[in-house]
Amino acid sequence: MSLSSTLPSKVKLVDVGPRDGLQNEKQMVPAAVKIELVQRLQQAGLKEIEVTSFVSPKWVPQMADAAEVMAGITRQPGVRYSVLTPNLKGFEAALATRPDEIVVFGAASEAFSQRNINCSIAESIERFRPVVEAARANGIYVRSAISCAVGCPYEGEIAPERVEMVARLMKGIGVQHCGVADTIGVGTPIKVQRALDAALRHFAIDDISGHFHDTYGQALANTLASLQMGVWQFDTSVAGLGGCPYAKGATGNVSTEDVVYLLHGLGIETGIDLDRLVDAGQYVSDFLGRKPNSRVATALLNKRQSAG
Ligand SMILES: CC(C)(COP(=O)([O-])OP(=O)([O-])OC[C@H]1O[C@@H](n2cnc3c(N)ncnc32)[C@H](O)[C@@H]1OP(=O)([O-])[O-])[C@@H](O)C(=O)NCCC(=O)NCCSC(=O)C[C@@](C)(O)CC(=O)[O-]
């Protein structure tokens, strides 16, 4: 049996560049640049964009302009805009900006939960409970992210049972979608498949996504391993931007450009125009004063340059 006959025929990518990608940048990125990035991503064909997060500006100063960014984007029909909300305060501020989706973000590691959101896993679930209720009462779809699903910067390797437990708790409070996140990019295909399997005990395959950082260069292999399980939704970040302020040493998310190239090469539909995506990545990379962190973007930009 050929590989392609066993894979999903289409894939949805959520570009998390404006949020996960930029949250860790030291230099403040003006709201106008974030808004333009969202615009370019939707012009490239992205159908879901994680725009920003409504978190404490003392914890993540780069996201302090969340409301301004949400107010500034030009919404396109068929595109969904999501935001992170760690608690009711964040949700209430987000609600006024009309997100299509919110993300509650927990962790499979106690130590990471404490460092990232200042509470235990059990406390985080109790914080999320009223957020999920309020979101669903307002017709807003609720995604979750389970950070450190294979490894943690403070606790080391994480057992799939931890992922299973957090997925069960998330499901129990009414979360609709489970994002399995390799926050520090230590996963390899079998470990990632085990983490996904653990989440699949509580969420259907259509309600699961993979979120892979590329610290050890494994993210594309992990994406392929997930596709082989039938997972068809992934978070990716244009130009490979990213890194979590509470996961030191972890590099960016897998670049959207690299994943799109992989998917198109496998004959999988994404609806994304790779050339326009590369332009979007170059736009934000120029602002940040560096080259895109994407092998595919680099190759295509070099090709353009040599073609004159
Ligand atoms: C969760 C909290 C707020 C708890 O932080 P806390 O200090 O425990 O919260 P608190 O309730 O005690 O409030 C303390 C202060 O923060 C304010 N505050 C409280 N909540 C908010 C809010 N929502 N928006 C704005 N302000 C807020 C609150 O009003 C108060 O202000 P003060 O009276 O001192 O002036 C904090 O820990 C926080 O903001 N953490 C966010 C950390 C973060 O954003 N991390 C990155 C995102 S996760 C990630 O990147 C991983 C992911 C999702 O991509 C997947 C992966 O790869 O793993």
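I shall begin with the conventions and then turn to the ligand.

This is a predicted model, in which local features need pLDDT of at least 70, side-chain atom pairs count only at pLDDT 80 or more, and totals for chains, interfaces and linings use all residues. Residues are numbered from 1 along each chain as its sequence is written, and side-chain values use heavy atoms, with hydrogens and water left out.

Around the ligand there are 28 residues, of which Arg19, Lys58, Asn118, Ser147 and Thr183 come nearest; a residue belongs here if one of its heavy atoms lies within 4 Å of the ligand. By class, this shell has 13 nonpolar, ten polar and five charged residues, where Asp, Glu, Lys and Arg count as charged, Ala, Val, Leu, Ile, Met, Phe, Trp, Tyr, Cys and Pro as nonpolar, and the others, Gly among them, as polar.

Now to the polar contacts, meaning pairs of N or O atoms within 3.5 Å. A polar side-chain atom of Ser147 is 2.5 Å from a ligand oxygen. For Lys89, a polar side-chain atom lies 3.5 Å from an oxygen atom of the ligand. Ser56 contributes a polar backbone atom, 2.9 Å from a ligand oxygen. Taken alone, the ligand exposes 1100 Å², and the protein buries 75% of that, by the Shrake-Rupley method with a 1.4 Å probe.

Terms used:
Polar contact = N/O pair within 3.5 Å; in protein donor to acceptor, adjacent residues only side chain to side chain.
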